[in-house]
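Hello,

Here is the structure you will be working with. Please look through it first, then read the notes below.

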Amino acid sequence: MGLTSSLRFRRRTNKTFLRIFMILVLSCIPGRTNLCSNHSVSTPIDLPPSNPSDIRSSLDSLDLEGYVSFDDVHNAAKDFGNIYHYRPLAILHPRSVSDISSMMRHIVHLGSTSNLTVAARGHGHSLQGQALTHQGVVINMESLRSHDIRIYKGQQPYVDVSGGELWINILRESLKYGLSPKSWTDYLHLTVGGTLSNAGISGQAFKHGPQINNVYQLEVVTGKGDVVTCSEKRNSELFYSVLGGLGQFGIITRARISLGPAPHMVKWIRVLYSEFSAFSKDQEHLISKENAFDYLEGFVIFNRTDLLNNWRSSFSPNDSTQASQFKSDGKTLYCLEVTKYFNPEEANSMDQETEKLLSELHYIPSTLFSSEVPYIEFLDRVHIAEIKLRAKGLWEVPHPWLNLMVPKSSIFEFATGVFNNIVTSNNNGPILIYPVNQSKWNKHTSLITPNEDIFYLVAFLSSAVPNSSRENGLEYLLKQNQRVINFCEVKKLNVKQYLPHYETQQEWKSHFGNRWETFAKRKYAYDPLAILAPGQRIFQKATQLSPIQPL
Ligand code: FAD
């Protein structure tokens, strides 16, 4: 290295040091959400470009395998919820992990002189803007996937996939080897990174835990741009932070997911109850048994006429004569939905086991409906509804969903108060309700759950009619959700939100309870500038001009 270049190098190193120092100082502004405070803020000198057009050209000039686009950003400005809309400045379409790392490092390098934040976008199926960023960079995780799904057979089979891979593709590929992930969401057109940032809960979770409990290893790009492989044994703090971590600590670029043998067929059963207490007692009985059903959910039905006849297209009744005499008119009913997995040669023994399990339950006898479908058809069931809704233009409407986790000790009071007085119709969408058994769940992840072994997942999955000011409109449904939340607070039911959404940091602190300090400490360790996942509205990036903004 010649003298001039050596001087240039030293000058550059000094500048880099100064920038990192400034970043650290600015990220510790009092009132910002990290644990660092009481530092003074001095005026930075010789910092990177803060002018928006300079920032844009600096992003444009990054040396990447993929590319950055500044046009066509409108799709990344919304999500499935279709309630929040924030336009990003740019979209990174990464072709490699190093593209993501370079982008993160570049934004760290720009430091607090820019407002840039980064939102990893899986399939954009968040409900309240969690995958959005206002004038920041969206990372289109689906560009990374490149159909690189690697299955490993053996005693503990697993699949290695990109964080942007869709679960449906993983299912299709693993089925070729007679294998399958064990824990699912109800809908499979979601990405691995998106569901692992939350939990991934469905009717298998009482048995296998949520999806975040079925991961052996992750590759993560942290908020500092470091690429880290982590697992239970290696960099375990990052591993557990990221699982259920709402995208706050790093971007999941690869995941190693546990697999088990895949069945060919599913016996799919629905039975009805008119009493909530009998319904929930049976649900709890079934999840406490070893080797009972493989999937268990439930839903509430208000005021439906001709309900069973509607089911007949896909489910056959156990006793047609009795079923035709059953009148659902006007009653509030609770439907227990269970499945048993089987291979054709095991059909007889499966039938016997199923009958025995059903004989222990207290449903209305004439309402036993069942059907047998291929495993993939059962798992991908919501996609069929999606196709129908899309055809009618009803998929891209606002979705004011509310997902709650209600402790077992509160579920009766919750059901009585909410289903009698607050939500008394499901004209706007299904209402799911089913218990899970936390003893099988890993307690080290970032997911916050109620403090009881058994809790219920209650999901109000409403679709709003655009521009309606009536009971099917967005405003009404949002108010209804708020009434449910208020009821839980007033009655002190110790409910936690799943896929949480809050407006203030005080609410986030109360969501996390005594785990808030750890969560904030980890944020500071892995994403000190609070660049990642701004759409969750937990932390705010420090900026020189407006250091503290209320959330
Ligand atoms: P996005 O919406 O794209 O992202 C979600 C969050 O994760 C954002 O904060 C984003 O920044 C972050 N993120 C995305 N990718 C990554 C990554 N690679 N690394 C780090 N952070 C990342 N959930 C359940 O648990 N069970 C269900 O049964 C279920 N059913 C659903 C059915 C439908 C029709 C829909 C729309 C949603 C459902 N969900 C369910 C919720 C769903 O799991 C979450 O909304 C999930 O985040 C969506 O995944 P996505 O790939 O679209 O993520």
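Ser 316 has Ser 370 in E15 as its bridge partner.

Before going on: this is a predicted model, in which local features need pLDDT of at least 70, side-chain atom pairs count only at pLDDT 80 or more, and totals for chains, interfaces and linings use all residues. Residues are numbered from 1 along each chain as its sequence is written, and side-chain values use heavy atoms, with hydrogens and water left out. Helices (H or I, at least four residues) and strands (E, at least two) are DSSP runs, numbered from the N terminus.

E15 (residues 369-374) also pairs with strand E11 (residues 265-273), antiparallel, over six bridges. There, Val 266 is opposite Val 373.

Strand E12 (residues 295-301) pairs with E14 (residues 333-342) in the antiparallel sense over seven bridges, with Glu 297 opposite Glu 337. Seven of the seven residues of E12 are buried, so this strand is largely enclosed by the rest of the structure. Buried means under 20% relative accessible area, exposed over 50%, and partly exposed in between (1.4 Å probe, protein chains only).

In helix H11 (residues 347-359), the buried residues are Met 350, Thr 354, Leu 357 and Leu 358. They cover an arc of only 95° around the axis (taken from the directions from the helix axis to the C-beta atoms), so they lie on the same side of H11. Asn 348, Gln 352, Glu 355, Lys 356 and Ser 359 are exposed on the other side.

Regards

Note on methods: Pairing = 2+ DSSP bridges. Expected span 1.5 Å × (residues − 1).
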